Amino acid sequence: MELGLAARSAEALAHDVRAALAFDPIVEGVEIGVAVEDGVVTLSGSVESLREAIAAERAVKRVGGVRSIANGLHVKARNLRTDTDIAREALHRLRNNVAIPLSVQAVVRDGYITLDGTVSWIHQRAAAENAVRYLAGVKGVTNDILIGEH
């Protein structure tokens with residue numbers, strides 16, 4: 001009997017997750033696979049942008065009963081841009097934001113940006129990530145910026 005209850009709970013949670021994804025205007029209409037086991041939600045499939053992948057993750061976080069999320073969504077390279085194009089635009093965005101010190105650098109590999117350097121304040125770290133997160137062609141961002149004296 002307990003097994004049936006757990007299976008029903010996983011099914012109900014998967015239903016709620018699918019409803020949350022369908023309700024989110026950014027991911028509405030996107031084909032996303034949902035699997036649930038022991039409160040762990042696994043998302044699978046492909047999305048057109050990092051923005052959609054992040055929105056899907058945020059939608060799942062809002063569902064009660066979700067203990068953990070495995071975001072296995074793959075970002076398709078819809079706008080085929082070279083790493084050089086992405087790096088050039090990332091540099092432009094970083095240098096034109098007065099909140100971001102010159103110590104911050106971006107490295108681009110296969111559409112993934114890694115930010116590094118040192119900043120004095122946490123808001124500077126967040127500003128750098130926000131400046132490059134939604135650039136066309138970006139598949140993901142890793143923020144390795146340290147907070148301290150630079």
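**Exercise 1.** Which residues of the largest nonpolar core touch the most other members?

Solution. The model is predicted, so that local features need pLDDT of at least 70 and side-chain atom pairs count only at pLDDT 80 or more, while totals for chains, interfaces and linings use all residues. Residues are numbered from 1 along each chain as its sequence is written, and side-chain values use heavy atoms, with hydrogens and water left out. A nonpolar core is a set of buried Ala, Val, Leu, Ile, Met, Phe, Trp, Tyr and Cys residues joined through side-chain atoms within 4.5 Å, where buried means under 20% relative accessible area (1.4 Å probe, protein chains only). Among the 21 residues of the largest such core, Leu21, Val34 and Leu43 touch the most other members. At least two residues come from each of α1, β1, β2, α2 and β3, and α1 gives the largest share, six residues.

**Exercise 2.** Describe the sheet and its strand order.

Solution. Helices (H or I, at least four residues) and strands (E, at least two) are DSSP runs numbered from the N terminus, and two strands pair if DSSP finds at least two bridges between them. Three strands make an open sheet of mixed pairing, ordered β1-β2-β3, with β1 (33–37) and β3 (68–75) as the edge strands. Five bridges join β1 to β2 (residues 40–47) in the antiparallel sense, and Ala35 has Thr42 in β2 as its bridge partner.

Conventions. Buried means under 20% relative accessible area, exposed over 50%, partly exposed in between (1.4 Å probe, protein chains only).
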